[in-house]
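Student: Could you walk me through some side chains and backbone features here? I'd like the distances along with the cut-offs behind them.

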Amino acid sequence: MNVIETEIPDVKRIVPKRFGDARGWFSETFRIDAMERAGIRTTFVQDNQSFSAPQGTIRGLHFQIAPQAQAKLIRVLQGAILDVAVDLRSGSPTYGRHVTATLDAETGEQLYVPHGFAHGFCTLTPNVMVAYKVDSYYSPEHDRALLWNDPEIGIQWPVSSEAAILSDKDRRAPRLADLGPVF
């Protein structure tokens, strides 16, 4: 398992090794000792899975505030996504900046998003299945969102605002300037 720093070093790309033969391939997708060697000391407690039928579906940008903040380990089981993490940590030198990564089922690459970040993705293909681990249980009272297309953040989404398929919650989320300190 290869762990690679991104432009924001606390967000990491995880590239599991695949061992192939005539039957297909095998891969260890999660291994706690390898994560710990890379400085990721997170105990995951819940696995989540989402399915998005149409290409151009946006889910996010979501996060949970303390004491139920969540670190996430995201991977794609079917299709492909543009995955995004936005730094919301007050006082961070990368506050308001974001990291993007293309994740797909073909390569198996994953993204580790620590506490203090909003997370979201856009489906690049139809019929996308995403699985992710979290280190804190879902808590509706701590659940928050950040506007996906806030110009202050400047994410280059692969879909226009008019064509994006969003939930009402994600469409009405506040901009970064209106969010206030959350971490």
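Tutor: We can start with Glu-28, which counts as partly exposed at 37% relative accessibility (buried means under 20% relative accessible area, exposed over 50%, and partly exposed in between, with a 1.4 Å probe and protein chains only). Please keep in mind that this is a predicted model, in which local features need pLDDT of at least 70 and side-chain atom pairs count only at pLDDT 80 or more, whereas totals for chains, interfaces and linings use all residues. Residues are numbered from 1 along each chain as its sequence is written, and side-chain values use heavy atoms, with hydrogens and water left out.

Student: OK, and which side chain meets Glu-28 in a salt bridge?

Tutor: The partner is Arg-31, with an N to O distance of 3.5 Å; a salt bridge here is a side-chain nitrogen of Lys or Arg within 4 Å of a carboxyl oxygen of Asp or Glu. Arg-31 counts as partly exposed because its relative accessibility is 37%.

Student: How many salt bridges does the structure hold?

Tutor: There are 10 of them. One joins Arg-89 to Asp-10, with the closest N and O atoms 2.6 Å apart. That pair links distant parts of the chain, 79 residues apart, since Arg-89 is in the loop between strand E8 (80-87) and strand E9 (98-104), and Asp-10 is in the loop between strand E1 (2-5) and strand E2 (12-15). The element names follow DSSP runs numbered from the N terminus, helices (H or I) having at least four residues and strands (E) at least two. Arg-89 is partly exposed at 21% relative accessibility, and Asp-10 is partly exposed with a relative accessible area of 39%.

Student: What about Lys-133, which side chain does it meet in a salt bridge?

Tutor: Lys-133 meets Asp-47, at 3.3 Å from N to O. This pair also links distant parts of the chain, with Lys-133 in strand E12 and Asp-47 in strand E5, 86 residues apart. Asp-47 counts as exposed because its relative accessibility is 55%. Returning to Glu-28, salt bridges that share partners join Glu-28, Arg-31, Asp-33 and Arg-37 into one network.

Student: Which ring does the charged end of Lys-133 sit over?

Tutor: The ring is that of Phe-30, with the charged end of Lys-133 5.2 Å from its centre; the criterion is NZ of Lys or CZ of Arg within 6 Å of the ring centre and within 35 degrees of the ring normal. Elsewhere, Arg-18 lies over the face of Trp-25, at 3.5 Å from the ring centre.

Student: Switching to aromatics, how many aromatic pairs are there?

Tutor: The structure holds three. In one of them, Phe-30 and Phe-44 are edge-to-face, 5.7 Å centre to centre with 75 degrees between the planes. Rings of Phe, Tyr and Trp (its six-membered ring) pair if their centres lie within 6.5 Å, and planes under 30 degrees apart count as stacked, over 60 as edge-to-face and the rest as tilted. Phe-30 is partly exposed at 30% relative accessibility, whereas Phe-44 is buried at 17%.

Student: Is Asp-150 buried or exposed?

Tutor: Asp-150 is buried yet has no salt bridge, and the nearest side chain of opposite charge, Arg-175, is 4.3 Å away (Lys and Arg count as positive and Asp and Glu as negative, while His and the chain ends are not counted). A polar atom of the Asp-150 side chain lies 2.9 Å from the backbone nitrogen of Glu-152, and one lies 2.6 Å from the backbone nitrogen of Leu-176. Asp-150 is located in the loop between strand E13 (143-145) and helix H2 (168-171).

Student: Last topic, the backbone: where are there cis peptide bonds?

Tutor: One joins Gly-60 and Leu-61, with omega about 15 degrees, and Leu-61 is in strand E6 (residues 58-64). Another runs from Ala-66 to Pro-67, with omega near 5 degrees, and Pro-67 lies in the loop between E6 and strand E7 (72-78).

Student: And what is phi of Asn-127?

Tutor: Phi of Asn-127 is near 55 degrees, a positive value in a residue other than glycine. Asn-127 sits in the loop between strand E11 (117-123) and strand E12 (128-134), and Asn-127 is partly exposed, with a relative accessible area of 35%.

Technical notes: A polar contact is a pair of N or O atoms within 3.5 Å; within protein, one must be able to donate a hydrogen and the other to accept it, and residues adjacent in sequence count only if both atoms are side-chain atoms.
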